[in-house]
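Hi,

Here is the structure I promised to pass on. Have a look at it first, and then read my notes below.

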Amino acid sequence: MARQKNDGRGRLGGRAAGTPNKVTGTLKNWITDLINNNRLQMEKDLKKLAPKDRLIFFEKLMQYAIPKQASQQVKLDFDSLTDEQLQQIINNLIKDTEYENTD
């Protein structure tokens with residue numbers, strides 16, 4: 001008798017969970033080797049670029065080395081805050097402004 005879907009004995013087929021995709025791994029290794037084997041030529045080509053183009057290149061590379069910061073939003077309902085909470089927010093803002101002006 002064939003197994004039925006959702007019989008409680010796990011997956012019916014395909015790769016086991018956590019098994020890497022062979023094609024993706026092979027392609028990543030090839031690209032890594034290509035870059036490593038051509039570093040000197042890439043550096044020479046980079047030096048030949050105009051300053052503006054060089055900065056664009058660096059900016060594109062940085063996204064792979066430095067994680068992007070997620071924007072943060074804070075929504076305050078001032079009507080629901082107590083007077084003490086409002087005063088604390090004002091004091092913190094004043095303190096932050098004074099700190100920035102001393103730099």
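**What I found**

The accessible surface of the protein chain comes to about 10,500 Å², and carbon and sulfur atoms account for 56% of that. Keep in mind that this is a predicted model.

As for the fold, you'll find four helices and zero strands in the protein chain. Reading from the N terminus, the order is simply α-α-α-α.

How confident is the prediction? The protein chain averages a pLDDT of 83, and 88% of the residues score at least 70. Helix H2 (residues 39–48) has the highest confidence, with a mean of 95. The lowest is in helix H4 (residues 83–102), where the mean is 82.

Now for the surface. Leu27, Trp30, Ile31, Leu34, Ile35 and Met42 together make a nonpolar patch of about 560 Å². Which helix gives the largest share of that patch? That would be helix H1 (residues 22–37), which supplies five residues.

Ile35 is a handy one to click on. This patch member lies in helix H1.

Cheers

Note on methods: Residues are numbered from 1 along each chain as its sequence is written. This is a predicted model: local features need pLDDT of at least 70, side-chain atom pairs count only at pLDDT 80 or more; totals for chains, interfaces and linings use all residues. Side-chain values use heavy atoms; hydrogens and water are left out. pLDDT is the predictor's confidence in each residue, from 0 to 100. Helices (H or I, at least four residues) and strands (E, at least two) are DSSP runs, numbered from the N terminus. Accessible areas come from the Shrake-Rupley method with a 1.4 Å probe; for residues, only the protein chains shown count as cover. Patches are made of residues with over 30% relative accessible area and no salt bridge: like charges are joined within 9 Å, nonpolar side chains (Val, Leu, Ile, Met, Phe, Trp, Tyr) within 5 Å. A salt bridge is a side-chain nitrogen of Lys or Arg within 4 Å of a carboxyl oxygen of Asp or Glu.
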